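Visitor: I have not looked at this one before. Can you put it up and take me through it?
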Amino acid sequence: MRVVAEPSVPSLVSRYLLPHEQAVITVRFHPARFIPPLVTALGALSLAIAVSPVLRGAELLAAWLITLVLIINLATTAVDWVSRYLVVTSHRIFIVEGSGITLEWQLADVKDVRLIRSIGGRLFGYGTLIFGSERVAIDSLPYPEQLYLEILGLLYTDPDAHLEAE
Amino acid sequence: MIVSDYNANTALAILRSAGYVNTLLGSIIPLVPILMPWIALLLLWLNQMIASLLAFTAALLISPASLTGKAFLSIAHHDLQAYQGGGWDVLSFLLAALAALLLIFELVGFGIRASARSVGLAASVAIVPIMFRLYPLPASDVFYTNLLTQPWLPAETITLTTHQSVTGYVLESDQDWMEVLRAEDRIVVQYHTSQVSSRAMCQIAVVASERPLFPLINTHSELPLCALPPPAQGPGGVLHPRQVTGMTTCQTAGRRCE
């Protein structure tokens, strides 16, 4: 089964594709990434509201400034999530963000891929792929088993496939 | 320079008398407890949870606080009694409940380290105002100015043979001469040991009140407070110490002025 999270390749991704290159997988990262900044922002907001009546002056300002920074952090995470994709093409694997391509491997250079799923990953449906001997990990990937199999399929093509086709 | 009241001559005299290493350590060590709470906060924001926790614990035990533990708890109790959140209570509670629920997910999904970081960051909303009360910002508060101007040496009341008392810090003492940094005007003076009838340790008043929030040893020092008389001047029976720094500098490196 081919995993295609987006019906069409986002424009952010397509601008980095070569003319002869075909995007096989394009997925956003798992929304579980929102949980830590969400916990922080909600906790801070709750505390700021709770302690505001007993604070004044610089103390009050400091409490709300910290809350604001943590809410901005949540917003930044959201913007980052919207514009961040893992892309697997017929030639390479890369992560694209608004700022450009941040991580890239040629498929020919990838010798080893491993999948790790934590308890939380199994609970929420995300996993971590570890690439190659450099042990570069990409976490919070949705549909981890499908992604893993799809990438393995690209790495290890069936030698008899072309014979069958003939 | 702070201890010498920004007098370069006095600073050099202290450096020569106390030695470079002692002066360096003596300058740095008093800063550690003062800066410890802010270092702890910085570590918290830099995601160094264990180090931050240790630094906060150290701050509670060693950093001079502007309030005693009892006074702080009393203020907290008073704030709690006077607290009237109104309708905001409900919103605050709902947000806290939602955050707690998500925290459980985070604990399961991301582990204890990430969860502790989230809790620490959120808690800094309450920690920072508390720190403002307990540990005022070093740059803007007279609390630290008073503390930093105190040298690392114990204060002493030196009684001279003329019954004149001098409060200061003994920088160096040998069989013949004693070098003293006078507390009131920060001038280094020398007394011949034959001029000194007695020495007694004492406590500068401003330093005596600076205690940590939770002192490990709860007993108060029995040292008497230092008396700070005006600088000794005038003719007659008053002994004239050798003034090393100040208006008349007569000490050069390596030898005493005659």
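Visitor: What does A:Arg92 form a salt bridge with?
Guide: A:Arg92 pairs with A:Glu21, and the closest N and O atoms are 2.6 Å apart. A salt bridge here is a side-chain nitrogen of Lys or Arg within 4 Å of a carboxyl oxygen of Asp or Glu. This is a predicted model, where local features need pLDDT of at least 70 and side-chain atom pairs count only at pLDDT 80 or more, while totals for chains, interfaces and linings use all residues; side-chain values use heavy atoms, without hydrogens and water. Residues are numbered from 1 along each chain as its sequence is written, and chains are lettered from A and ligands numbered from 1 in the order in which they are written.

Visitor: Which parts does that pair tie together?
Guide: A:Arg92 lies in strand β3 of chain A and A:Glu21 in the loop between α1 (11-14) and β1 of chain A, so the pair ties together parts 71 residues apart in sequence. Helices (H or I, at least four residues) and strands (E, at least two) are DSSP runs, numbered from the N terminus.

Visitor: How many salt bridges over all chains?
Guide: Eight, from a search of the whole structure.

Visitor: OK, sheets. What is the order of the four strands in the open sheet?
Guide: The order is β1-β2-β3-β4 in chain A, with antiparallel pairing. Two strands pair if DSSP finds at least two bridges between them. The edge strands, β1 (23-28) and β4 (100-106) of chain A, each pair on one side only.

Visitor: And how many bridges join β2 and β3 of chain A?
Guide: Four, between β2 (residues 85-89) and β3 (residues 92-97) of chain A. A:Tyr85 stands opposite A:Val96 in β3(A).

Visitor: Which strands does helix α5 of chain A lie across there?
Guide: Helix α5 (residues 144-155) of chain A lies across β1, β2 and β3 of chain A, at about 155 degrees to β1(A). Axes are lines fitted to C-alpha atoms, for helices over the stretch in contact, and angles run from 0 to 180 degrees between N-to-C directions. Contact means heavy atoms within 4.5 Å.

Visitor: What about the open sheet of three strands, what is its order?
Guide: That one runs β5-β6-β7 in chain A, again with antiparallel pairing. Its edge strands are β5 (113-116) and β7 (136-142) of chain A. The twist averages 25 degrees from one strand to the next. In β6(A), A:Thr128 is the bridge partner of A:Ile116. Helix α5(A) packs on this sheet too, touching β5, β6 and β7 of chain A.

Visitor: Switching topic. How many residues of chain B are in contact with chain A?
Guide: 30 residues of chain B, against 33 residues of chain A. The buried area is about 2,600 Å², and carbon and sulfur atoms give 78% of that. Buried area is the accessible area (1.4 Å probe) that two parts lose on being put together, summed over both.

Visitor: Which three residues supply 22% of the area that chain B buries?
Guide: B:Leu95, B:Phe110 and B:Val125, more than any other three residues.

Visitor: Which side chains meet in a salt bridge between the chains?
Guide: Those of B:Arg133 and A:Glu59, at 3.1 Å, N to O. The count between chain B and chain A is one. Helix α6 (residues 88-134) of chain B gives the largest share of the side that touches chain A, 25 residues.
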